[in-house]
Amino acid sequence: MTKHPTLAAAYAAFVCDLDGVVYRGPAPVDHAAEALTAAGGPIQYATNNASRPPEDVAEHLRELGIDAGPDDVATSSQAGAAALRESLGTGASVLAVGGPGVALALAEAGLHVLHPGEYRDVAGVLQGYGLDVTVAMLGEAAYAVQRGARWVATNPDLTLPTDRGIAPGNGSLVAAVRTACGRGPDEVVGKPFAALYILCAHRLKQEPKDILAIGDRLDTDIEGAVAAGMDSLLVLTGVSTAEQAAAADPHSRATYLAPDLRSLHEDLPRPSRDGEDWVCGDDRGRIVGGAWAGSAEGTLAQGLTNRLHAAYEAQDAGRIDGAGAARIVAGLLADD
Ligand SMILES: [Mg+2]
């Protein structure tokens with residue numbers, strides 16, 4: 001039997017989302033820690049959550065059995081601080097609006113973090129989520145922006161799911177400042193924008209094309225990967241479904257689709273065309289009359305990934321719509 005290379009072996013490094021991929025709240029996602037530990041390349045754990053310092057995230061990962069330190073965690077606060085240093089220069093005075101992770105990232109990037117009472121000559125504002133953000137702080141941010149300060153937001157997430165319900169997320173607090181200023185941020189760095197992933201690529205010392213981005217959400221993780229020029233793996237352990245993946249617009253299309261992270265260690269090649277058929281490992285087939293016609297020899301991940309690419313192509317050619325694409329992958333999950 002031919003020994004195939006694994007999905008993990010096809011990439012030099014990885015960028016991995018956390019919630020819905022590695023853990024769900026405090027609980028681990030099955031198989032994630034073992035699969036990531038065995039991945040073989042360096043991993044950056046990239047989170048839109050701006051409030052937690054990297055060491056807190058790394059400690060959570062170690063509790064789950066993943067050998068990670070603060071340097072293995074990239075936050076949207078760090079991406080925001082890097083963006084402000086790039087445009088304003090080292091030592092510029094910046095207002096930190098958000099949790100402790102925001103001020104820490106600014107200080108570590110060599111920027112001067114302004115404290116209450118010194119809010120004059122504000123060159124920049126970094127706005128991220130924080131439980132202790134007050135209306136007074138949002139007012140200071142708005143005043144600074146109106147006086148010409150450069151405004152960077154860590155992430156645009158409007159809502160934040162918690163164990164008690166849905167809370168307003170950073171995007172909602174950004175909207176409050178936007179309403180006061182009559183304009184939006186100069187830059188947003190978190191997923192689905194590219195800056196956080198590009199920061200990870202710099203740290204990994206790899207080109208984006210040689211990095212696999214792993215996530216559970218099409219509208220953040222996968223869209224960000226496309227924006228950054230990275231291939232991506234959508235795992236079905238979090239928010240987005242296989243049906244949504246198949247129906248996705250080109251700007252949020254995953255390269256691979258798998259039930260969970262064990263697929264990193266499977267033979268899961270990028271699907272290719274062989275005549276009219278699509279082929280992914282042992283899976284082979286095509287869309288005929290809106291339905292899948294093919295073998296069922298492959299693994300579930302091979303079947304899902306193969307149908308995904310066939311569905312993308314058929315949608316682009318106008319042969320099926322999003323609902324039809326969803327049915328193509330739903331058929332496989334129903335059979336399984
Ligand atoms: Mg997630």
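Helices and strands here are DSSP runs, numbered from the N terminus. A helix is a run of H or I with at least four residues, and a strand is a run of E with at least two. The model is predicted. The protein chain is assigned two domains: domain 1 covers 8-48 and 194-335, and domain 2 covers 85-188. Their C-alpha centres lie 33 Å apart.

**Helix α7 and what surrounds it**

- Helix α7 spans residues 195-204. Eight of its ten residues are buried, so the helix is mostly covered, since a residue counts as buried if 20 or more other C-beta atoms lie within 10 Å of its own.
- The buried residues are A195, L196, Y197, I198, L199, C200, A201 and L204.
- These buried residues pack against several strands: β1 (13-16), β4 (43-47), β5 and β13 (211-215). They also pack against the helices α3 and α8 (218-228).
- Just after α7 comes K205, which takes a positive phi of about 55 degrees.

**The packing of α3 and α7**

- Helix α3 covers residues 76-88. The axes of α3 and α7 are 9 Å apart, and the helices pack at an angle of about 85 degrees.
- The two helices are therefore roughly perpendicular to each other, as angles of 65 to 115 degrees count as such.
- On the α3 side, the contact is made by S76, Q78, A79, A82 and A83. On the α7 side, A195, L196 and L199 take part.
- By class, this contact has six nonpolar residues, two polar ones and no charged ones.

**The six-stranded sheet**

- Six strands form an open sheet with parallel pairing. Their order is β5-β4-β1-β13-β14-β15.
- The edges are β5 (73-75) and β15 (256-258). Each has a single partner strand, so one side of each is left without a neighbour in the sheet.
- From one strand to the next, the twist averages 25 degrees.
- At one end of the order, β14 (residues 231-235) and β15 pair in the parallel sense over three bridges. Here L234 stands opposite L257 in β15.

**The four-stranded sheet**

- A further open sheet has four strands, in the order β16-β17-β18-β19. Its pairing is antiparallel.
- Its edge strands are β16 (272-274) and β19 (291-294), and each pairs on one side only.
- Neighbouring strands of this sheet are turned by 40 degrees against each other on average, direction ignored.
- Three bridges link β16 and β17 (residues 277-280) in the antiparallel sense. In this pair, D274 stands opposite D277 in β17.
- Helix α10 (residues 300-316) packs on the sheet. It touches β17, β18 (283-288) and β19. The direction of α10 makes about 30 degrees with that of β18.

**Strand β6 and its partner β7**

- Strand β6 (residues 93-97) is mostly covered, with four of its five residues buried.
- β6 and β7 run parallel and are joined by three bridges.
- Within this pairing, L95 stands opposite L114 in β7.

**Backbone exceptions**

- Most residues other than glycine have a negative phi, and most peptide bonds are trans.
- P192 is found in the loop between β12 (187-188) and α7.
- H31 has 17 C-beta neighbours inside 10 Å, so it counts as partly exposed.
- D121 lies in the loop between β7 (112-114) and β8 (124-127). It has 11 other C-beta atoms within 10 Å, and the cut-off for exposed is 12 or fewer, so D121 is exposed.

Definitions and conventions. Residues numbered from 1 in each chain as written. Predicted model: local features only at pLDDT ≥ 70, side-chain atom pairs only at ≥ 80, totals over all residues. Domains from an automatic or database assignment. Axes fitted to C-alpha atoms, helices over the stretch in contact; angles between N-to-C directions. Parallel < 35°, antiparallel > 145°, perpendicular 65-115°, else oblique. Contact = placed C-beta atoms within 7 Å. Nonpolar A, V, L, I, M, F, W, Y, C, P; charged D, E, K, R; others polar. Pairing = 2+ DSSP bridges.
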